[in-house]
Amino acid sequence: MKQYQYEVIVVGAGHAGCEAALAAARMGAKTLLITSNIDNVALMPCNPSIGGPGKGHVAREIDALGGEMAKNTDKATIHIRMLNTSKGPAMWALRAQIDKRLYTQKMIHTLQIQKNLDLKQEMVTKLIVNNYRIEGVIVKNDLRFSSPTVILTNGTFLNGKIYIGKTTYSAGRAGELASIGLAENLKELGFKVGRLNTCTPPRIDKRTIDSSKMKEQKSADIPLSFSFENKGKTYKDFSVFMTRTNQKTHQIIQDNIHRVPLSNGTIQSAAIRYCPSVEDKIIRFPEKESHQIFLEPEGYNTEEIYLQGFFTSLPADAQDEAIRTIKGLENCKVIRYGYAIEYDIVYPNQLKYSLETKAIKGLFLAGQVNGTSGYEEAAEQGVLAGINAVQLTRNKKPLILDRSEAYIAVEIDDLVTKSVTEPYRLRTGLAEYRLLLRQDNADLRLTPYGYKLGLISEQRYKKFLKKKTLVEKEKERLKEVIIHATQKVNELLNKLGTTPLSEAATLATLLTRPEVTYNQTASIDSNRPELPVEVTEQVEIQIKYAGYIKRQEIQVKRFKKLENYKIPKDIDYFNMHGISHEGKERFLEVQPISLGQAKRIPGITPSDIAALMINIEKIRRMKKRIARH
């Protein structure tokens, strides 16, 4: 077998694989990206969109670290909105409809022109492991590729199986071969493997839809973009349309429920709770008379429309019948039927925070293979795995973020500490410090990390530092601008629906009022400097929510205390007194690195934590005594 040498090998070119390979190559490592079909790089087999609550935050965090998802999204956007603007800024989330084929094409080109990166179409069948160390991979045509690090990003391809009613066949996605050999190889290597499933909705012909019966949702009328490097744009060519299911729809689904593999017992694995199939919605919420459906365009050069909210594994004839009961879809034609896919995952509590496996040195896992769902959740793991694979080859510390720094860290901590029993989906509700982890400040939080690792250019970093300086200067200026209780000022405040001034106040104090925005105070702020929108947005949020932010920062200090209380490596939990037997088993399985992580392990009691601390302090005292003698 001919052998090729690399520093990092990435297996799979979905969203995790692309980010992992680009991060490694951009850090200067000789990198190989292997995929079964180059035409399907960064494919979007499900929704034609990026972002939304939690997910939009993550796409911006990836960008702040020097990843590609946000930039590539901006190249392919056809419709964009900021969601949840009626709520506080922690809940605001960008969501873009994209031309999914254009997204793939742009990502392929980005990979092909990237220095230090080779892209190869092959199927990996086996990992080369020697003495618990990864040494490379073997592909279907018997070529051997050597590397001290390998990142597996296999998505739904490991033993993937598709279901449409009673029809079932092996596939990684519709129209693509499943990866069988590698799935079996992971089991042979001793990894605990489980099975999960998810659904996709049908795609229907745009020309057969009556959108006049639906509610239209236009793209935002203000310029927006995902990447901090790009200027925002407005988009007018496409709209999203909304309609609803009804009692007729529900009755047809109920009549065919015995033919649904997720309901009749054919599929035994766990489905995603927070993105349920339409059948599951009807079973779980029988009191609901209807469910919302969004009709999302898939791109410029296609007539396909994605039925968001109608995820299904109904038989094809039942899909046709049910969809045609929906207002505006009475005469619609299905181009591609929805389906369920079941696939193998590796339980993620077998990983370190770096996403390297505990059992095999140099082997990393990222994306749906770890039990997650969603493009953004996969991509963020890819960035971290790519970075940490390179750090390992250079004998440097891995990049490990904590839950107070990024949504990326929330996801990885949840996976490594709690593992999964169903597909993991990131939501804003999972982040304790979400007021600090806003989508608007992802660059302020994470750009220094990306720059230190060589993933952020000097030019971009200087621009970032300038923005940071301008924000601080303007905040300080507003604290010094005194606004007097003049007729002009009070007329403005009355107009804005807020209490007039009875005495002088600073402009910063006025901005803490919910009714008052930075732009609205321009007429009473004669010396206001010309500032970019991204600067004034930060100024307003940081001033308006200063009290809440300060309270959360105090909580973070307490959190950090537990995170910084490190647990010694190679600790023998079974020789410790006072810890329950279940606690010992859980500690051994997860191998927590800090007291904070130990507290988050499911099944661990406060008494287990107290006993663990006592035992650790005993070990530390003993080591000090030995060191003195």
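Begin by selecting Tyr132, which is exposed, with a relative accessible area of 63%; here exposed means over 50% relative accessible area, buried under 20% and partly exposed in between, with a 1.4 Å probe and protein chains only. This is a predicted model, in which local features need pLDDT of at least 70 and side-chain atom pairs count only at pLDDT 80 or more, while totals for chains, interfaces and linings use all residues. Residues are numbered from 1 along each chain as its sequence is written, and side-chain values use heavy atoms, with hydrogens and water left out.

Tyr132 sits in the loop between strand E8 (124-130) and strand E9 (133-139), where helices (H or I, at least four residues) and strands (E, at least two) are DSSP runs numbered from the N terminus. Although Tyr132 is not a glycine, it has a positive phi of about 60 degrees.

Next select Ser419, in the loop between helix H10 (407-418) and helix H11 (442-452). Ser419 also is not a glycine and has a positive phi of about 60 degrees, but Ser419 is buried, with a relative accessible area of 13%.

Move on to Thr156, in the loop between strand E11 (150-152) and strand E12 (161-164). Is Thr156 buried or exposed? Thr156 is buried, with a relative accessible area of 8%. Show its surroundings, and you will find that Thr156 touches Ala171, Gly172, Arg173, Ile341, Tyr343 and Gln368, not counting residues up to four places away in sequence; touching, or contact, means heavy atoms within 4.5 Å. A polar atom of the Thr156 side chain lies 2.6 Å from the backbone oxygen of Gly172.

Now select helix H1 (residues 15-26), whose 12 residues should span 16 Å at 1.5 Å a residue, and whose end C-alpha atoms are 17 Å apart, which agrees; the expected span is 1.5 Å times one less than the number of residues. Because 11 of its 12 residues are buried, H1 is largely enclosed by the rest of the structure. Among the buried residues of H1 are His15, Cys18, Glu19 and Leu22. Just after H1, Gly28 takes a positive phi of about 100 degrees.

Finish with helix H3 (residues 69-76) and helix H4 (residues 100-113), which pack at an angle of about 130 degrees, with their axes 9 Å apart. Where do H3 and H4 meet? Met69, Asn72, Thr73, Lys75 and Ala76 in H3 meet Leu102, Tyr103, Lys106, Met107 and Thr110 in H4.

Notes:
A polar contact is a pair of N or O atoms within 3.5 Å; within protein, one must be able to donate a hydrogen and the other to accept it, and residues adjacent in sequence count only if both atoms are side-chain atoms. Axes are lines fitted to C-alpha atoms, for helices over the stretch in contact, and angles run from 0 to 180 degrees between N-to-C directions.
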